[in-house]
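Here is a friendly tour of one protein model, with its sheet, a helix, its salt bridges and its surface charge in turn. Please keep the sequence and the 3D view open as you read.

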Amino acid sequence: MLNKWTPTFIRPFFKSKELKGSVNLFTAVNEKGMAVNLAEMERRHVGKLRNIRFYCPVCKEPLVLKAGSVRIPHFAHRIKSQCFTTEPESARHLQGKKDLFRFCLKNGYESTLEQYLPEIQQRPDVLAIRNGRRYAIEYQCTPISIRSIQQRSDRYLKIGITPIWIIGGYPFVKKLKNSVYELTDFYWSLTKRTGADITLIGYEPVDSTLFVLSNLAPFTSKKVFARLESIPLNNCRIPFYIQDQTASFPYLHWLKEKNKWIQQKVRYGTIVHGSFLKNVYKSGNNPFLLPAVCGLPVPYMESFASAPMIWQFYVWIDCLQKLPFGKKISLKYVLYKLGRRIDREDVLLRQLPFHDYRNWEKAVAFYLRLLVHLSYLRIAGEDLFVKRKMINSLKHTEDRTEEEYIFKVLIKSSYTNKINKKNKQCFLFGEQEK
């Protein structure tokens, strides 16, 4: 909104309150229209700017210079500002985006802080450019909707900018036990595939440390097996690669969690509100005696919000249980049958803005190939399989021989992590390994 403080040179560029601004800023323009970036200045020099008028680069309203001894020097809108805001700016957010801006400069990226992009009416925390490629770094300290993440990211991509989302603080809600973490839908929505791996990045400005959660293997909608690596920001150089951990998947831990999950599902689940238990009993099965091949870890399983036990049960009950020995079955048919379960919401998919929506099909394909590896199926052609061995329910709750055998095979072969890693990528900017 125009007011008496708005100088004449700014008025022609003023649009209206649909523009995106921010409560606290590092960048502003002075009365001459020149940009001033406090992140590039030493604190002792900021005090010299107190008698100069500054204005928001987006809404053009006058700003107040905050340069006390406690908080980071920054500009702030007036209390009754008409500038639209995306979210409040905490001290962590201010310090975090300042650190990331300097980090990009140090690593050879032409960078700007809080640059407004009028064509999409967005202002990334940091805009970094190198070798003609542009990156928008969004330092997200508070949860926002997946829809908002998708929309903002799509706008960047529309004008040729790659969005990079970094969580403010640790990249998980809490650590449950060794190598097991809890993630909400918000955290999951910011994960991305880096080559063959899945990563989630967080930054804590208090100790200037990047945290990278990698090797993510979801067990339930919230519980995930993962590897956490902390990297002092000053020691991080681009490109930076996460260490290959192909032989360290916690199969035995996974097996224990699988059996624990079944017990909790039966104890706390209901037939009325949970279709899984209802369909297990309806098919004449006992949830404690489901086949040992249900609930196995495979690549791309992050595409499912439903636990591996659930969607693999439906693959078995709909496609494999009654398939005669020696008969063929196609991947296309299995995908069709599981797709119908997804349509009925017996199986739920996870919303992942930075992943291919069809990755759930890859998870199913890897699952069938795992059954080939375990000698239950054999390959009969391209995406065509033949039943080689019967897949039966367990005889009693103590009958864990087949299950233990399967996990011994997995441990020995490390099948879950056998993915082509030749095209390894930097976990942050995605630059290819040379």
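The notes below go through the model topic by topic.

This is a predicted model, in which local features need pLDDT of at least 70 and side-chain atom pairs count only at pLDDT 80 or more, while totals for chains, interfaces and linings use all residues. Residues are numbered from 1 along each chain as its sequence is written, and side-chain values use heavy atoms, with hydrogens and water left out.

**Sheet**
- An open sheet is built from six strands in the order S2-S7-S6-S5-S3-S4, with antiparallel pairing.
- Strands S2 (24–25) and S4 (35–37) stand at its edges with a single partner strand each, so one side of each has no neighbour in the sheet.
- Inside that order, S5 (residues 54–55) and S6 (residues 62–66) pair in the antiparallel sense over two bridges; tyrosine 55 stands opposite proline 62 in S6.
- Strands here are DSSP runs of E of at least two residues and helices are runs of H or I of at least four, numbered from the N terminus; two strands pair if DSSP finds at least two bridges between them.

**Helix H7**
- Helix H7 (residues 308–320) is mostly covered, with twelve of its 13 residues buried (under 20% relative accessible area; exposed is over 50%, partly exposed in between; 1.4 Å probe, protein chains only).
- Among the buried residues of H7 are Trp311, Phe313, Tyr314 and Trp316.

**Salt bridges**
- The structure holds 14 salt bridges (a side-chain nitrogen of Lys or Arg within 4 Å of a carboxyl oxygen of Asp or Glu).
- Glutamate 204 and arginine 92 meet in one of them, at 2.7 Å from N to O. This pair links strand S16 (residues 197–204) to helix H2 (residues 91–106), 112 residues apart.
- Glutamate 204 is buried at 9% relative accessibility, whereas arginine 92 is partly exposed at 34%.
- Arginine 193 and glutamate 302 form another, with the closest N and O atoms 2.9 Å apart. Arginine 193 lies in strand S15 (residues 192–194) and glutamate 302 in the loop between helix H6 (275–282) and H7, so the pair ties together parts 109 residues apart in sequence.
- Arginine 193 is buried at 19% relative accessible area, and glutamate 302 is buried at 2%.
- Asp318, Arg341, Arg344 and Asp346 are linked in a salt-bridge network.

**Surface charge**
- Lysine 328, in strand S19 (residues 328–330), is exposed, with a relative accessible area of 54%.
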